[in-house]
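Visitor: I have a model open on my screen and want a quick tour of its fold. Could you take my questions one at a time?

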Amino acid sequence: MIKNVVFDMDGTILNTIDDLYNSVNYALSQCGYKSRTMSEVLSFVGNGVKLLIERALPSGFSKEEFDKCFIVFMEYYNVHKNDSTAPYEGILELMAELKKKGISMSVVSNKFDAGVKELANKLFNGYLPVAIGESATIKPKPNPSGVWYALELMGAKREESVYIGDSEVDFQTAQNSGLTFIGVSWGFRPRSLHESLGVQYIADKPLEIVDILEQIK
């Protein structure tokens, strides 16, 4: 029986892509580089903001160029990360239903830790008391350290927990953590990606997760 749910953040419970896209292109423009398309930025996300900027920069950039662009990105994103970011439709209803059923929830993301905590506290009505992002002590996914730490804080067992995400990184994270994975198709990656990975459980709408949890033994 599943008693605990660990969510990914960007592309799973939060639609953050517009603010990430705008922040990436602001940083690129300030550093003298060509803007990226939305589809390009979508393909760059999933492994944290440092890799996001590395992927957005043209090949052959120097450490100094990266450092400058990364600082500009972080300064801009810290101010503008809530301009358009919001929970996906149906996510708050899902969380209310899970809480009603006594299922605890947390979030583990590759976003920087302070941003994860701020967004979780501001946008999710107390449903996510444990919110963990990348930090000096938590390695980025698919390393399982963040998920294991979340389970520890929740007092949760791995065999009673699932990890829910939208990307191949999330699938690998679940595997590395020893958790059952539920893929979602409304985020930054299509349903076809989950199918190609052989994901057993795929949700096309948030409330479908409730039924899926009842199927997992």
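Visitor: How many bridges join β6 to strand β7, and how do the two strands run?

Guide: This is a predicted model, so local features need pLDDT of at least 70 and side-chain atom pairs pLDDT 80 or more, while totals for chains, interfaces and linings use all residues. Residues are numbered from 1 along each chain as its sequence is written, and side-chain values use heavy atoms, leaving out hydrogens and water. Strands (E, at least two residues) and helices (H or I, at least four) are DSSP runs, numbered from the N terminus. Strand β7 covers residues 180-184, and its link to β6 is four bridges, running parallel.

Visitor: Which residue in β7 is the bridge partner of V162?

Guide: Strand β6 spans residues 161-165. V162 pairs into β7, and its bridge partner there is T180.

Visitor: What does β6 make with helix α8 and β7?

Guide: Helix α8 covers residues 168-177. A crossover is right-handed if, with the strands pointing away from the viewer, the path from the first strand over the helix to the second runs clockwise. Together, β6, α8 and β7 make a right-handed β-α-β unit.

Visitor: Which strand β1 residue has S161 as its bridge partner in β6?

Guide: Strand β1 (residues 4-7) runs parallel to β6, with four bridges between them. S161 in β6 is the partner of N4.

Visitor: How many residues of strand β6 are buried?

Guide: Buried means under 20% relative accessible area, exposed over 50%, and partly exposed in between (1.4 Å probe, protein chains only). In a regular strand the side chains alternate between the two faces of the sheet. In β6 both faces are covered: S161, Y163 and G165 are buried on one side, V162 and I164 on the other. The strand is largely enclosed by the rest of the structure, because the buried count is five of the five.

Visitor: What is the order of the strands in the open sheet?

Guide: Two strands pair if DSSP finds at least two bridges between them. The open sheet has six strands with parallel pairing, in the order β5-β4-β1-β6-β7-β8.

Visitor: Which strands stand at the edges?

Guide: An edge strand here has a single partner strand, so one side is left without a neighbour in the sheet. Neighbouring strands are turned by 25° against each other on average, direction ignored. The edge strands are β5 (130-134) and β8 (201-203).

Visitor: At about what angle does helix α5 run to β1?

Guide: Axes are lines fitted to C-alpha atoms, for helices over the stretch in contact, and angles run from 0 to 180 degrees between N-to-C directions. Helix α5 (residues 91-100) lies across β1 and β4 (104-112). Its angle to β1 is about 155°.

Visitor: Is S106 buried or exposed?

Guide: S106 lies in strand β4. Contact means heavy atoms within 4.5 Å. Not counting residues up to four places away in sequence, S106 touches V5, V6, F7, L128, V130, A150 and M154. Its relative accessible area is 0%, so S106 is buried.

Visitor: What is the relative accessible area of L151?

Guide: L151 is found in helix α7 (residues 145-154). Leaving out residues up to four places away in sequence, L151 touches V6, A156, R158, S161 and L179. L151 is buried, with a relative accessible area of 4%.

Visitor: How many salt bridges does a search of the whole structure find?

Guide: A salt bridge is a side-chain nitrogen of Lys or Arg within 4 Å of a carboxyl oxygen of Asp or Glu. The search finds 13.

Visitor: How far apart are the closest N and O atoms of D10 and K111?

Guide: D10 is buried at 14% relative accessible area, and K111 counts as buried at 4%. The two form a salt bridge, and the closest N and O atoms lie at 2.9 Å.

Visitor: Where do K63 and D67 sit?

Guide: K63 and D67 form a salt bridge, with closest N and O atoms 2.7 Å apart. K63 counts as exposed at 59%, D67 as partly exposed at 28%. They are four residues apart, so about one helical turn separates them in helix α4.

Visitor: Which peptide bond is cis?

Guide: Most residues other than glycine have a negative phi, and most peptide bonds are trans. P142 lies in the loop between β5 and α7. With omega near 15°, the cis bond runs from K141 to P142.
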